[in-house]
Amino acid sequence: MIREEALRLGFTDCGFSKAEPLHEDAERLRHWLEKGHHAGMEYMAGHFAKRTDPTLLVEGARTVISLLDNYYTSRKQQDPEAPVISRYAFGRDYHFVMKDKMKQLFDFIAGQFGEVRGRIFVDSAPVLERAWARNAGLGWIGKNSCLISPMAGSFVFIGEIVLDLELDETRVPVHDHCGNCTRCIDACPTGAILPDRTINAGRCISYQTIENRGEIPQELKGKFVSRVFGCDICQDVCPWNRRAREHHESGFEPVPGLLEMTRQEWYNLDRSKYERFFARSAVQRASLEKLKDNLSFIL
Ligand code: SF4
Ligand code: SF4
């Protein structure tokens, strides 16, 4: 019933797992942090216990509901010379789009089951969203570290509702379908993909163009393949995204005029245009100044 309602609200998939500590994922996270692969994302090291145990996030937590929201579009920026932004930044900020729908789902659950306590998470708190989605049987974690849904591919946002209601698990493990494929590893222009299905953030274009508030290391000069906000390269080459379908979420529709921006217009980006295109966009995570620094870096 909850799953049906989630699909009716427009989610691509929905699964349930028991709220319990993620021991194996905790070890992988610890190792990644010890190696310093989180680069400047100090917040990743914080709240370690909460990050790996949802019962510390929500008192009495019993279930984690994982939700996928497809954002794939075949639409592209029209000027082949224009600096490239990640698909997920074409439309409205996914945090808001997903949270609106997740609140509706939460209200539906409360309407069916009476008083339910819980919290909604979309990249907003220390939650290992890919691990939960995998545990709920929604996909596997690919060599590029993305969750890959066998039916929707990896261009999906992930959200969780952690709640104190006990629900049946949907833990039907999805097998690892990466096999011998190494397309993502071969295609990554900066060699950021590590052998244990994690990413060395310090080398990843996504981190460097969005999160890094300092200078981008000069050793990465010439390797960004025109990316100025995020990077989809290791997903674009993944064979599991060949079956990705167009999303039907109006909130993810490209902001009018954004895909038509020419290279020249990108380099003339000023405050008013930045606000016009990105006022409600995930691009707000990078300030205009950061975007301009990224534009200079790829010159
Ligand atoms: S997002 Fe880009 S830079 Fe980062 S791992 Fe994937 S291909 Fe490499
Ligand atoms: S490109 Fe190949 S190895 Fe990489 S995530 Fe996709 S299937 Fe797995």
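Predicted model: local features only at pLDDT ≥ 70, side-chain atom pairs only at ≥ 80, totals over all residues.
Residues are numbered from 1 along each chain as its sequence is written, while chains are lettered from A and ligands numbered from 1 in the order in which they are written. Helices (H or I, at least four residues) and strands (E, at least two) are DSSP runs, numbered from the N terminus.

**The sheet**

- Start with an open sheet of 4 strands, in the order β1-β2-β7-β4, with antiparallel pairing; two strands count as paired if DSSP finds at least two bridges between them.
- β1 (13-18) and β4 sit at the edges with a single partner strand each, so one side of each has no neighbour in the sheet.
- From one strand to the next, the twist averages 20°; angles here run from 0 to 180 degrees between N-to-C directions, with axes fitted as lines to C-alpha atoms, for helices over the stretch in contact.
- As background, strands of a sheet pair through backbone hydrogen bonds, either parallel or antiparallel.
- β1 and β2 run antiparallel and are joined by 6 bridges, with Lys-18 partnered by Thr-63 in β2.
- β2 (residues 63-70) and β7 pair antiparallel over 8 bridges.
- Thr-63 turns up again here, with Leu-163 as its bridge partner in β7, and Asn-70 is partnered by Val-156.

- For burial, the count is of other C-beta atoms (placed from the backbone) within 10 Å of a residue's own: 20 or more is buried, 12 or fewer is exposed, and in between is partly exposed.
- On that scale β7 (residues 156-163) is mostly covered, with 8 of its 8 residues buried.
- Val-156, Ile-158, Glu-160 and Val-162 point one way from β7, and Phe-157, Gly-159, Ile-161 and Leu-163 the other way, all of them buried.
- β2 is mostly covered too, with 8 of its 8 residues buried.
- One way from β2 you'll find Thr-63, Ile-65, Leu-67 and Asp-69, and the other way Val-64, Ser-66, Leu-68 and Asn-70, all of them buried.

**Core and packing**

- The largest nonpolar core has 75 residues, and Leu-68, Tyr-71, Val-156, Val-162 and Phe-229 touch the most other members; a core is a set of buried Ala, Val, Leu, Ile, Met, Phe, Trp, Tyr and Cys residues joined through C-beta atoms within 7 Å.
- Tyr-71 has contacts beyond four places in sequence that include Arg-87, Tyr-88, Tyr-94, His-247, Glu-249 and Phe-252, where contact means C-beta atoms, placed from the backbone, within 7 Å.
- Tyr-71 also contacts Phe-155, Val-156 and Phe-157.
- Helix α4 (residues 94-113) lies across β2, β4 and β7, at about 40° to β7.

**Ligand shells**

- Among the residues around ligand 1 are Cys-188, Cys-204, Cys-231 and Cys-234, along with Asn-144, Ile-193 and Ser-206; a residue is near a molecule if its C-beta atom, placed from the backbone, lies within 6 Å of it.
- α7 (205-211) and α8 (233-236) are the elements that give two or more residues to the shell around ligand 1.
- The ligand 1 shell divides into 9 nonpolar, 3 polar and no charged residues, with Ala, Val, Leu, Ile, Met, Phe, Trp, Tyr, Cys and Pro counted as nonpolar, Asp, Glu, Lys and Arg as charged, and the others, Gly among them, as polar.
- Around ligand 2 the residues include Cys-178, Cys-181, Cys-184 and Cys-238, plus Lys-143, Arg-183 and Asn-144.
- The ligand 2 shell has 7 nonpolar, 3 polar and 2 charged residues.

**Loop residues**

- Arg-197, in the loop between α6 (183-187) and α7, is a residue other than glycine with a positive phi, near 65°.
- Arg-197 is partly exposed, with 17 other C-beta atoms within 10 Å.
- Val-225, in the loop between α7 and β8 (227-229), also has a positive phi, near 45°.
- Val-225 is partly exposed, with 13 other C-beta atoms within 10 Å.
- Ala-286, in the loop between α10 (271-278) and α11 (288-297), counts as buried with 23 C-beta neighbours inside 10 Å.
- Leaving out residues up to four places away in sequence, Ala-286 touches Thr-209, Ile-210, Phe-229 and Leu-291.

Definitions and conventions:
Contact = placed C-beta atoms within 7 Å.
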